[in-house]
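This report covers the annotated positions, the ligand shell and the nonpolar core of one protein model. Please keep the sequence and the 3D view at hand while reading.

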Amino acid sequence: KTVNVAVVGATGAVGETMLKVLAERQFPIGKLHLLASERSAGEKLEYGARTIVVEDLATFDPTGIDIALFSAGGSVSKEYAPRFAAAGAVVIDNSSVFRGDADVPLVVSEVNPEALKHRPRGIVANPNCSTMQLMVALAPIHRAVGIERINIATYQSVSGTGRRALEELGRQTAALLNFQEVQPEVYPVQIAFNVIPQGGDFLENGYTSEEMKLVWETRKILGDDSILVNATVVRVPVFYGHSEAVHIETREKITAAQARALLEKAPGVEVVDEHVNGGYPTPVTHASGRDPAYVGRIREDISHPRGLDLWVVSDNIRKGAALNAVQLAELVIAER
Ligand code: A2P
């Protein structure tokens, strides 16, 4: 049996990868509608052997859609996701607008798939990309010994900000290599050959919105409001793949060898941890274009008796967004 699918934001950085992942995984698609703003309505996109014309979301009738994958920003989700759900679709939403709602499950396919079943509004939220890969790597450790505190610094690629940010990094890099001046547009300061300690907007407590997503989403996904999370989010001039320097304090002591053994059998994780030059994952050498959350640099923290350090790298557009959304869609259709 096939299902009718709508991809909302199909022309964007995540939407493009959603199409790729749906095709790769041979998702049982009946009708496929690609939706975007009226700016790109009429454009043609490839899906496997099919060529599909992009339709304008504003005038689209969602009747008959079984699954809608949304990645067109928060305001679009807020307005249209409830309409698609009311028309009978299960909405899998990549924006942050519903993530905090108690009646919207926030699900990482390997970590808390059972949460998907309770979705009274017909909406399921896809976690933020940096939380996603962190959860894939940390859930097995949390289950084994309990995590008391997470201290994390991220090194996030520009694709997480969308297509315009990918273009900005390319354009600034080319301009600077040609001794031309650059004007920042998407980011507040130059991103090429630089690092920017700001993800999203500043909040009252001095943290940024991307940092606080790591706090709230971690607690919701692991179902434990006592976990302490302290995050610094940094944007780096990398196209695809987020990296994270993760420092955890566990409730019971876990050795590096035990953590490694747990992670080697954890779903969605690939351990790359040789103590030699290059024996660790990076966005370019491992993560970009691939599915797993790669974990390396696993070591016991010499400054804390129950501390453990890890380096986690994953493709933020794949597992961090499109892949998890499609995996959630697979779980939804498996219920039938
Ligand atoms: P469009 O190409 O028509 O602007 P990204 O995150 O890479 O910037 O992509 C955002 C996606 O969301 C694009 O597919 C974009 O379509 C879509 N989008 C943005 N605003 C709207 C809107 N008001 N209605 C429908 N789609 C939108």
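Is C129 buried or exposed? C129 counts as buried because 27 other C-beta atoms lie within 10 Å; the cut-offs are 20 or more such atoms for buried, 12 or fewer for exposed, and partly exposed in between, with C-beta atoms placed from the backbone.

## Basis of the model

The model is predicted: local features need pLDDT of at least 70, side-chain atom pairs count only at pLDDT 80 or more, and totals for chains, interfaces and linings use all residues. Residue numbers start from 1 along each chain as its sequence is written.

## Annotated active site

An unreviewed UniProt entry places the feature "active site" at C129 and H242. These positions are spread over 114 residues of sequence, yet they cluster in space, with a largest C-alpha distance of 8.1 Å. UniProt positions follow the numbering used here, feature names are shortened, and annotations may be inferred rather than shown by experiment.

C129 lies in helix α3, whereas H242 lies in strand β11 (residues 242-250). Helices (H or I, at least four residues) and strands (E, at least two) are DSSP runs numbered from the N terminus. H242 is also buried, because it has 30 C-beta neighbours inside 10 Å. Leaving out residues up to four places away in sequence, C129 touches G160, H242, N316, G320 and A321; contact means C-beta atoms, placed from the backbone, within 7 Å. With the same exclusion, the contacts of H242 include C129, S130, Q133, Y155 and S314.

## Ligand shell

The ligand has 17 residues around it, of which G9, G12, S37, A72 and G162 come nearest. A residue belongs here if its C-beta atom, placed from the backbone, lies within 6 Å of the molecule. Helices α1 (13-24) and α4 (163-177) are the elements that give two or more residues to this shell.

By type, the shell holds six nonpolar, eight polar and three charged residues. Nonpolar means Ala, Val, Leu, Ile, Met, Phe, Trp, Tyr, Cys and Pro; charged means Asp, Glu, Lys and Arg; the others, Gly among them, are polar. Domain 1 (3-126 + 321-334) and domain 2 (131-316) each supply at least three shell residues, with bounds from an automatic or database domain assignment.

## Nonpolar core

The largest nonpolar core has 86 residues, and V8, V91 and V295 have the most contacts inside it. Such a core is a set of buried Ala, Val, Leu, Ile, Met, Phe, Trp, Tyr and Cys residues joined through C-beta atoms within 7 Å. Helix α3 (residues 129-145) gives the most to this core, with nine residues.

Among the contacts of V295, not counting residues up to four places away in sequence, are A137, L263 and W311.

How values were computed:
Two residues are in contact if their C-beta atoms, placed from the backbone, lie within 7 Å.
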